[in-house]
Amino acid sequence: MNEIEAYIGVGSNIEPALHIANALAALEKNLGPIAVSPLYRSAPVGFVGDAFINGVIRVTSRAGLDELIEDLKGLERQSGRNRRGEGVGSRELDLDLLLYGESILRRDGLVLPRPDILRYPFVLRPLAELAPARLHPETGQTFAWHWKHFKGIPTELEAVTLPGA
């Protein structure tokens, strides 16, 4: 299989420094070199809880789509996350596939590109900083353009650096 460039949203509000660092190390070990956007702290959306740390990771993978998704879910489980019955709430680790190559897909609850890209600033801003000239597969606009014209859910972002980063 050819290599596919994929973008993954990463977030945590339970020991985020630990869980995000572990996820980054595991992704690099499993998939090879990764690139990581700046990280941002933001209030949770849809519930009251501790602030989240969010960012975006770029990987180049030979894994098929389903294999990559299973790898991400496995890393979430290793962090202690249990998705059964989960709505919005605190979490040790959230790894969401945002983009898989140029795929436009809707199947079994999976939507690519992930709608969160254009909905939440804690997804779009780090993606626009990591890949400003990359085109959104559906809109044909760059992520930098989308960030400049953002009209999603307003959320204040604070740049953060994780210990040891």
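Helices (H or I, at least four residues) and strands (E, at least two) are taken here as DSSP runs, numbered from the N terminus. The model is predicted, so local features need pLDDT of at least 70 and side-chain atom pairs count only at pLDDT 80 or more, while totals for chains, interfaces and linings use all residues. Residues are numbered from 1 along each chain as its sequence is written, and side-chain values use heavy atoms, with hydrogens and water left out.

The loop between β1 and α1 contains E15. This residue is not a glycine, yet E15 has a positive phi of about 45 degrees. Its relative accessible area of 52% makes E15 exposed; the classes are buried under 20% relative accessible area, exposed over 50% and partly exposed in between, with a 1.4 Å probe and protein chains only. D108, in the loop between β6 and β7, also has a positive phi, near 45 degrees, and is likewise a residue other than glycine. D108 counts as exposed, at 76% relative accessibility. Another backbone feature is the cis peptide bond from L112 to P113, with omega near -5 degrees. P113 sits in the loop between β7 and α3 (116-119). As background, most residues other than glycine have a negative phi, and most peptide bonds are trans.

Helix α2 covers residues 65-78, 14 residues in total, and reaches 20 Å from its first C-alpha to its last, close to the 20 Å expected at 1.5 Å a residue. That expected span is 1.5 Å times one less than the number of residues. The buried residues of α2 are L65, L68, I69, L72, G74, L75 and E76. They pack against β1 (4-12), α1 (16-31), β5 (94-100), β6 (105-107) and β7 (110-112). After α2 comes G80, whose phi is positive, near 105 degrees.

Strand β5 is mostly covered, with seven of its seven residues buried. β1 and β5 run antiparallel and are joined by six bridges; strands pair if DSSP finds at least two bridges between them.

The largest nonpolar core has 28 residues, of which I57, L95 and L97 touch the most other members. Such a core is a set of buried Ala, Val, Leu, Ile, Met, Phe, Trp, Tyr and Cys residues joined through side-chain atoms within 4.5 Å. Two or more residues of this core come from each of β1, α1, β4 (52-61), α2, β5 and β7. The most come from α1, which gives six residues. Not counting residues up to four places away in sequence, I57 touches A6, Y7, I8, V10, L24, L27, I34, A35 and L130, where contact means heavy atoms within 4.5 Å.

Three aromatic pairs are found in a search of the whole structure. Rings of Phe, Tyr and Trp (its six-membered ring) pair if their centres lie within 6.5 Å; planes under 30 degrees apart count as stacked, over 60 as edge-to-face and the rest as tilted. The F47 and F52 rings have centres 6.1 Å apart and planes at 85 degrees, so this pair is edge-to-face. Both F47 and F52 are buried. For W147 and F150 the centres are 5.5 Å apart and the planes at 35 degrees, so this pair is tilted. W147 is partly exposed, with a relative accessible area of 29%, and F150 counts as partly exposed at 21% relative accessibility.
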